[in-house]
Amino acid sequence: MTTSSPGHAAAFSPASVPASPPRTLGVAVVGYSFMGRAHSNAWRNVNAFYDSPRVEQRLLVGRDAHQLVPAAQRLGWADTATDWRAVLERDDIDIVDICTPGHLHAELAVAALEAGKHVLVEKPLANSVAEADTMVAAAVAARARGVQSMVGFNYRRLPALALARDLLAAGRLGEVRQVRVSYLQDWLADENAPMSWRLRRETAGSGALGDLASHAVDQIQFLLGSTVTAISGTVNTFVPERMGADGMEPVTVDDAAWATLHLASGAIASLEVSRFATGRRNALQIEVYGSLGSLRFDLERLNELQYFDSTAPGDVQGSSRILVTEETHPYLSAWWPTGHTLGWDHTFTTQAADFLTGIASSTAPQPSFEAGRDVQRVLAALEDSARAGSAVVRIT
Ligand code: SOE
């Protein structure tokens with residue numbers, strides 16, 4: 001028997017193997033660094049754990065042929081190409097998964113959608129709202145032809161955060177008034193850390209904003225089911241130049257950002273992101289406070305959700321630690337028995353399963369390119385606010 005949350009991929013079960021299985025879908029991934037590896041791992045495992053259309057890892061795309069071939073062998077890809085346009089020309093490629101730096105997202109996604117390929121693109125959707133607009137237009141047109149698209153805010157596939165979303169949607173916290181989100185890393189705290197594409201506006205679009213605040217803003221809107229209507233904040237670059245291949249280069253993006261966000265629901269959120277938070281390796285922390293209770297989540301304890309229920313009898317009120325590993329919890333039925341915890345990488349496999357479910361059922365997988373553009377609008381408004389001395393900027 002397969003169980004899954006509504007709109008989520010069903011867990012694999014031999015009994016669910018269809019009499020005439022649908023066509024196997026060919027996948028191409030563009031990029032083989034950190035996200036390319038995480039996505040390759042997901043495509044290699046998705047059919048073992050989810051009852052979704054079968055996929056084959058057919059093409060890995062990258063610029064450096066010397067590194068590309070061993071990467072393809074290691075990550076399980078049948079073929080390689082150094083020109084991304086190969087994904088457009090091959091009829092055996094049904095899905096294009098874009099894991100490149102942000103400046104390539106729009107060109108690759110629009111071309112792939114226009115060529116009839118389903119597209120998954122890593123967050124943030126784009127390096128600007130204008131680019132996001134072109135991607136949304138292409139996604140809407142492609143969707144009318146049964147071609148799906150999705151942006152990879154993978155933390156929506158964490159069972160603990162999917163459970164938090166379900167509890168909030170069911171009203172278990174009552175009226176949500178206050179949210180606090182921080183996403184802190186420290187891989188740039190050393191001023192001698194070298195220059196990289198993530199520190200150049202022309203390739204990354206922004207720094208901690210697009211890299212980390214995009215996750216935080218998506219989570220706020222996902223958990224509350226409400227959009228950000230206004231924001232005020234500031235950004236900072238602590239180390240203005242770093243050593244590149246040809247000498248010192250200016251850092252042209254933000255290192256950290258702080259903001260206050262107003263939501264359509266009336267709730268107010270605080271946001272803090274940084275890649276200089278010494279000692280915080282990958283600390284996404286979310287707190288939601290409502291009239292009937294509160295929730296707290298910490299990515300460094302990603303199988304747990306702290307829940308305070310104000311409706312509990314006074315003598316037993318207290319924050320309980322929910323270990324989110326029950327078969328009835330979101331996504332868990334695809335994995336292990338109760339108490340066997342998941343890791344950060346499982347979110348990418350679950351994300352791939354939900355994307356495949358959307359393709360098979362011709363329903364728009366979430367988060368859509370429209371949701372990705374909503375995030376870009378908030379990030380752009382934060383930068384506008386920072387330029388205007390932290391003035392409140394409304395998001396239309
Ligand atoms: C680097 O900051 C990074 O890899 C992000 O790009 C990812 O989206 C995040 O999940 C982990 O940290």
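This is a predicted model: local features need pLDDT of at least 70, side-chain atom pairs count only at pLDDT 80 or more; totals for chains, interfaces and linings use all residues.
**Entry 1: the parallel sheet**

I started with strand β5 (residues 118-122), which pairs with β6 in the parallel sense over four bridges. Two strands count as paired if DSSP finds at least two bridges between them. Val121 sits opposite Val151 in β6. I then looked up the sheet around this pair: six strands, open, with parallel pairing, in the order β3-β2-β1-β4-β5-β6.

Residues are numbered from 1 along each chain as its sequence is written, and side-chain values use heavy atoms, with hydrogens and water left out.

I checked the peptide bond from Lys123 to Pro124 and found it cis, with omega near -15°. Pro124 is in the loop between β5 and α5. Lys123 also makes a salt bridge with Asp211, with the closest N and O atoms 3.1 Å apart. My rule for a salt bridge was a side-chain nitrogen of Lys or Arg within 4 Å of a carboxyl oxygen of Asp or Glu.

Domain 1 puts 18 residues into the contact and domain 2 puts in 28, where contact means heavy atoms within 4.5 Å.

How much area do the two domains bury between them? I get about 1900 Å², with 61% of it on carbon and sulfur atoms. That is the accessible area (1.4 Å probe) that the two parts lose on being put together, summed over both. On the domain 1 side, Phe49, Phe153 and Tyr155 lose the most area to domain 2, together 43% of what that side buries.

The rule finds one salt bridge across this interface. It also has 13 residue pairs in polar contact, both residues at pLDDT 80 or more. A polar contact here is a pair of N or O atoms within 3.5 Å; within protein, one must be able to donate a hydrogen and the other to accept it, and residues adjacent in sequence count only if both atoms are side-chain atoms. Helix α5 (residues 129-143) gives the most to the domain 1 side, with three residues. That side divides into 11 nonpolar, five polar and two charged residues. I counted Ala, Val, Leu, Ile, Met, Phe, Trp, Tyr, Cys and Pro as nonpolar, Asp, Glu, Lys and Arg as charged, and the others, Gly among them, as polar.

**Entry 2: the nine-stranded sheet**

Next I looked up the open sheet with the order β16-β15-β14-β13-β7-β12-β11-β8-β17, whose pairing is mixed. β16 (319-323) and β17 (393-394) are the edge strands, each pairing on one side only. Strand β7 (residues 176-184) runs antiparallel to strand β13 (residues 283-290), with eight bridges joining them. Leu184 faces Ala283 in β13.

I also followed Gln306 in strand β15 (residues 304-309). Its C-alpha is 5.6 Å from that of Ser320, 14 residues apart along the chain. Beyond its neighbours within four places in sequence, Gln306 contacts Ser294, Leu295, Arg296, Ser319, Ser320 and Arg321. The Gln306 side chain makes a polar contact with the side chain of Ser319 (3.4 Å).

Strands β9 and β10 form a hairpin with two residues between them. They pair in the antiparallel sense over four bridges, and Met243 has Met248 in β10 as its bridge partner.

The whole structure has 22 salt bridges. One of the pairs I looked at is Glu107 with Arg85, closest N and O atoms 3.9 Å apart. Glu107 is in helix α4 (residues 105-114) and Arg85 in the loop between β3 (80-81) and α3 (86-89), 22 residues apart.

Most residues other than glycine have a negative phi, and most peptide bonds are trans. I noted Tyr331, which is not a glycine but has a positive phi of about 75°; Tyr331 is in the loop between β16 and α9. The peptide bond from Gln366 to Pro367 is cis, with omega near 0°, and Pro367 lies in the loop between α9 (346-361) and α10 (369-387).
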